[in-house]
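Dear colleague,

Please find below the structure that I am handing over to you. My notes on it follow directly after.

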Amino acid sequence: MNAITRPRYTPVLRRLHWLTAILIVLAYVLIEQRGIFPRGSGGRVAMMQGHFWVGISIFLLVWVRLAARLRGGAPAITPPLDKITGMASKLMHLVLYAFFIVMPLLGLATVWTDGKEIMIPFTSIVLPALLPENEELAHQLEDLHGTIGEVFYWVIGAHVLAALWHHFGRHDDTLKRML
């Protein structure tokens, strides 16, 4: 089978994958670069709001992505993976999907327990808080959100390195299936 006829993910899944990757990078850039603006400034608020809404977008997209994945499945890798590599691959994807779900929920919980309002962009609509205000819990959730975010620099890096290893080291079509 040549490279043109090898199975690939569906166009929808490929687009969702790369859109998610772009949004993850954007979420990290927004939160990491918020410090270029002074606390309380409009620029800093915009960076924080941007981070928040990009996270919510990722949360919504992951459900679309999971539905598309269940419907479209995953094309087989050629040559097939050994059992241990296959299990590692499944675990990596499970961890990534969990990250896409848990992190936005932690962000929401942090904002709500901190007593902050969540406004829908470009409207005056405030989302109702689903958790009571609790400053101590808000700080704990914020710390957990930040710690998981830092750990995921490594997980995301491992995902990228694994894709490159498959392509350049193992010479399989893992990466090509997503291009």
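Why does His 51 count as buried? Its relative accessibility is 18%, so His 51 falls in that class (buried means under 20% relative accessible area, exposed over 50%, partly exposed in between, with a 1.4 Å probe and protein chains only).

This is a predicted model, in which local features need pLDDT of at least 70 and side-chain atom pairs count only at pLDDT 80 or more, while totals for chains, interfaces and linings use all residues. Residues are numbered from 1 along each chain as its sequence is written, and side-chain values use heavy atoms, with hydrogens and water left out.

The average pLDDT of the chain is 92, and 97% of the residues score at least 70 (pLDDT is the predictor's confidence in each residue, from 0 to 100).

His 51 lies in helix α2, residues 42–72 (helices are DSSP runs of H or I with at least four residues, strands runs of E with at least two, numbered from the N terminus). Not counting residues up to four places away in sequence, His 51 touches Ala 27, Leu 30, Ile 31 and His 145 (contact means heavy atoms within 4.5 Å).

The largest nonpolar core has 28 residues (such a core is a set of buried Ala, Val, Leu, Ile, Met, Phe, Trp, Tyr and Cys residues joined through side-chain atoms within 4.5 Å). Two or more residues come from each of α1 (11–32), α2, α3 (83–113) and α4 (135–170), and α3 gives the most, with 9 residues.
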